[in-house]
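Please take a look at the structure shown here, and then read the report that follows.

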Amino acid sequence: MKRKNKILIVEDEYIIAIDLKKILVKLGYEVTSFVGKGEEALIKAEQEKPDLILMDIMLHGKLNGIQTAELIKQKFEIPVVYLTALIDEETLQKAKITEPGGYLLKPFEEKALHSAIELALYKFIVEKQLKEKTRELEEEKTNNDKLLHHILPADVIYELKMNGMVDPRHYDSISILFTDFEGFSQITNQLPPAVLVDELNEIFSAFDTIIERYELEKLKSIGDTYMICSGLFEEQDNHAVRIIFAAMEMLNYLEVKNKSSKVKWKLKAGINSGPVVAGVVGTNKFTYDVWGDAVNIASRMENSSKGGEINISGSTFALVKDSFYCEYRGKLSVKGKGETEMYFVKEAKVKNPVEILDD
Amino acid sequence: MDQETRIIVAEDESIIAIDIAKTLENLGYNVLGTARTGKDSINLARIFKPDLVLMDIILDDKMSGIEAAEIIMNELNIPVVYLTALADDETIQNAKITEPFGFVIKPFDERTLHSAIEMALYKYKINQQLKERTKELEEEKIRANRLLHNIFPSEIVKEIKATGKIKPKEFPMASLLFTDFQRFTEISSCMHPQELITELNDIFKNFDSIIEKHKIEKLKTIGDSYMVAGGLPEETNDHAFKVVNAAIEMQDYLQNRNINSKYKWEMRAGIHSGCIVAGVVGKNKFTYDVWGDTVNIANIMERNGIPGRVVVSAASYNLIRDCFDCSHLGNINISNNREIAMYLIDKRKYEEKK
């Protein structure tokens with residue numbers, strides 16, 4: 001058997017209230033109480049949690065029916081049906097603004113009362129369902145957006161949404177940073193797997209935060225290798241400077257972490273600047289990636305770096321020589337491309353652009 | 001004022017039909033037409049696509065109003081309000097099954113008719129909205145699932161859904177494949193960027209379906225390198241066999257592709273089997289990844305591989321020697337005087353299932 005719907009009557013004329021109660025009981029509803037004032041209605045609404053409130057518009061208390069209904073709507077989400085002898089347009093409009101479940105003009109027939117109540121209850125339930133679905137939908141959409149941002153850069157997502165595809169793009173000059181850990185294999189062999197992955201998770205999460213602050217693009221991590229780019233999407237003239245400052249901050253972070261950590265991590269960093277092609281390939285496990293000689297040379301720079309050092313190529317040096325003191329290290333032969341110079345970055349000559357912003 | 005509501009009346013007694021039409025017009029509705037039979041009412045509804053059909057339950061026809069309403073509501077997605085002189089319970093029960101949007105019992109007054117129609121329109125509208133939201137929600141959920149499966153293997157998606165996180169795990173025995181294109185830098189330097197990405201996309205998409213077919217895991221691509229694991233995150237016994245088979249198929253695919261393709265790609269493929277740690281690290285752009293000596297050795301196998309062929313380490317060889325003819329290629333120096341034997345896969349010893 002279906003549960004009886006509970007109704008609260010707010011009506012200041014006692015005889016009408018008694019009469020209403022009788023009719024409602026006959027129609028199969030449960031009347032929880034009847035009260036004559038808006039203030040009392042608020043208390044009863046909270047205590048009794050009725051399914052619906054029948055509300056006279058003209059009440060003797062401080063609050064009239066419309067004001068009371070408004071408060072009830074804000075606080076308890078209970079549908080209200082107005083009862084009124086007044087039919088002036090202004091009152092009607094006011095009642096409509098508070099989105100009432102409906103209104104009944106006095107004197108009313110039993111049938112009209114019944115259908116007004118049923119309609120109000122029905123509307124309330126389906127509208128609640130609709131709201132609930134809408135909320136779920138919004139939540140799901142937000143989660144999806146977050147997920148998507150884990151896979152692709154924001155600009156690429158935008159392009160994907162606008163055009164349904166991502167066009168590969170050529171960049172004349174960007175900077176690429178590779179880092180990995182000196183002696184990682186030995187560390188791997190010493191640490192229990194769970195500890196190793198936790199450590200990497202902590203470090204890479206911290207790196208991710210740094211990268212975000214410098215507005216650089218993380219491409220991916222590959223085992224213990226961490227790969228980022230600077231100058232994608234918005235072409236920046238200072239992409240090389242920014243990426244070096246970010247690398248310095250990554251080294252600083254590790255230095256601090258090592259003081260209180262059992263495992264002493266030594267980060268090797270390598271940077272190169274040059275042209276790349278960027279895009280997305282494959283159907284599964286795809287990511288945004290970059291291709292080109294410049295990428296390979298950046299990886300070679302990292303291979304030839306040392307723990308705690310940032311090794312940059314001649315092309316990166318040309319872009320940053322006014323911003324950093326660097327130490328010339330000699331030449332590295334690059335397969336098919338002749339030789340490239342290598343420099344260790346020593347110290348900044350200029351202020352960190354991100355820190356300037358923070359000030 | 002809203003757009004005029006357009007209504008079709010299905011009523012077999014013409015005097016009543018005219019009367020109803022007049023009443024409706026007085027109420028401000030637009031009566032598009034009246035039908036005498038169920039069939040006519042369906043045809044009219046199909047042609048005019050009204051906002052609502054007012055339907056007598058008993059019609060001058062073999063087809064009852066209820067049957068006609070069923071078609072109008074289910075196929076044409078138009079709300080129907082029943083008109084009936086019968087307070088006959090059974091008929092009303094029958095009508096309720098077809099989910100009507102309302103009833104009006106004859107004789108009716110203007111007000112009852114008005115509120116029944118408004119209620120039906122409201123119910124219809126809100127039901128439509130609810131259906132739409134539900135559909136959108138389903139679509140978003142499918143999208144979410146697809147995204148999750150793009151980032152993680154299915155087993156890991158299950159783990160995330162059940163526990164909300166991913167625990168790193170050690171796999172005592174799994175196989176890893178690395179591939180890389182011979183002379184990639186050289187070839188790609190003469191290509192237009194779009195062309196290069198289109199080529200890679202085409203090849204990797206085909207690799208993706210080969211990997212999927214063999215039920216092993218693509219881990220990621222790194223530039224022109226493609227990385228695959230077998231035996232994780234779900235542990236299996238035949239991981240080396242599956243990975244070798246997939247690698248052979250990838251090479252076969254490329255050889256075939258080269259016949260008609262402008263660019264001839266030659267690829268190295270190297271496999272090693274051993275202990276692997278797998279998990280997820282970082283807070284952005286994270287992927288399911290693997291760590292350990294096994295990863296480095298697999299990579300070394302690939303770098304020392306032979307273009308167009310598949311090479312495996314001794315560890316993998318021992319797992320697959322019964323299924324493939326192999327030849328010993330010599331020993332490779334791994335690190336600190338550690339040497340590992342390398343084998344070339346020659347051919348399958350068994351008939352491939354078609």
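## Backbone features in two loops of chain B

K49(B) sits in the loop between α2 and β3 of chain B, and in this predicted model K49(B) has a positive phi of about 45° although it is not a glycine. P233(B) belongs to the loop between β8 (225-230) and α9 (239-260) of chain B.

In chain B, 5 strands make up an open sheet whose order is β2-β1-β3-β4-β5, with parallel pairing. The edges are formed by β2 (30-35) and β5 (102-105) of chain B, each of which pairs on one side only, and the twist from one strand to the next averages 20°.

Strand β1 (residues 6-10) of chain B is joined to β2(B) by 5 bridges, and these strands run parallel; within this pairing, I8(B) has G33(B) in β2(B) as its bridge partner. Helix α1 (residues 14-26) of chain B packs on the sheet, where it touches β1, β2 and β3 (52-56) of chain B, and the direction of α1 makes about 170° with that of β2(B).

## The sheet of chain A

Chain A also has an open sheet of 5 strands, in the order β2-β1-β3-β4-β5 and with parallel pairing. At its edges stand β2 (30-35) and β5 (102-105) of chain A, each with a single partner strand, so one side of each is left without a neighbour in the sheet. Direction ignored, neighbouring strands of this sheet are turned by 20° against each other on average.

Strand β3 (residues 52-56) of chain A and strand β4 (residues 80-84) of chain A run parallel and are joined by 4 bridges, and the bridge partner of D56(A) in β4(A) is L83(A). Helix α1 (residues 14-26) of chain A lies across β1 (6-10), β2 and β3 of chain A and runs at about 170° to β2(A). The helix α3(A) packs on the sheet as well, touching β1, β3 and β4 of chain A, with a direction that makes about 160° with that of β3(A).

Two packed helices are described by the angle between their axes and the distance between the axes. In chain B, the axes of helix α2 (residues 38-48) and helix α3 (residues 65-74) come within 9 Å and cross at roughly 20°. Angles under 35 degrees count as roughly parallel, and α2(B) and α3(B) are therefore roughly parallel to each other. The crossing in which α2(B) passes α3(B) is right-handed. On the α2(B) side the contact involves G38(B), S41(B), I42(B) and A45(B), which meet G65(B), E67(B), A68(B), I71(B) and I72(B) in α3(B); by class, this contact has 5 nonpolar, 3 polar and 1 charged residues.

In chain A, the axes of helix α2 (residues 38-48) and helix α3 (residues 65-76) come within 9 Å and cross at roughly 25°, and α2(A) and α3(A) are therefore roughly parallel to each other, with a crossing that is right-handed. From α2(A), the contact is made by G38(A), A41(A), L42(A), A45(A) and E46(A), and from α3(A) by G65(A), Q67(A), T68(A), L71(A), I72(A) and F76(A). By class, the contact of α2(A) with α3(A) has 6 nonpolar, 4 polar and 1 charged residues.

## Domains and the contact between the chains

Chain A is divided into domain 1 (6-131) and domain 2 (153-358), and the C-alpha centres of these domains of chain A lie 66 Å apart. Chain B is divided into domain 1 (6-131) and domain 2 (165-348), with 67 Å separating the centres of the two, taken over C-alpha atoms.

Between the chains, 52 residues of chain A are in contact with 53 residues of chain B. On the side of chain A that touches chain B, at least two residues each are supplied by α5 (110-151), α7 (184-190), α8 (193-213), β7 (217-222), β9 (267-280), β10 (288-291) and α10 (293-303) of chain A. The most is given by α5(A), with 18 residues, and by class this side of chain A has 21 nonpolar, 20 polar and 11 charged residues.

Notes: Residues are numbered from 1 along each chain as its sequence is written. Chains are lettered from A and ligands numbered from 1 in the order in which they are written. This is a predicted model: local features need pLDDT of at least 70, side-chain atom pairs count only at pLDDT 80 or more; totals for chains, interfaces and linings use all residues. Two residues are in contact if their C-beta atoms, placed from the backbone, lie within 7 Å. Ala, Val, Leu, Ile, Met, Phe, Trp, Tyr, Cys and Pro count as nonpolar, Asp, Glu, Lys and Arg as charged, and the others, Gly among them, as polar. Domain bounds come from an automatic or database domain assignment. Axes are lines fitted to C-alpha atoms, for helices over the stretch in contact, and angles run from 0 to 180 degrees between N-to-C directions. Angles under 35 degrees count as roughly parallel, over 145 as roughly antiparallel, 65 to 115 as roughly perpendicular and the rest as oblique. A crossing is left-handed if the near helix is turned anticlockwise from the far one by less than a right angle, and right-handed if clockwise. Two strands pair if DSSP finds at least two bridges between them.
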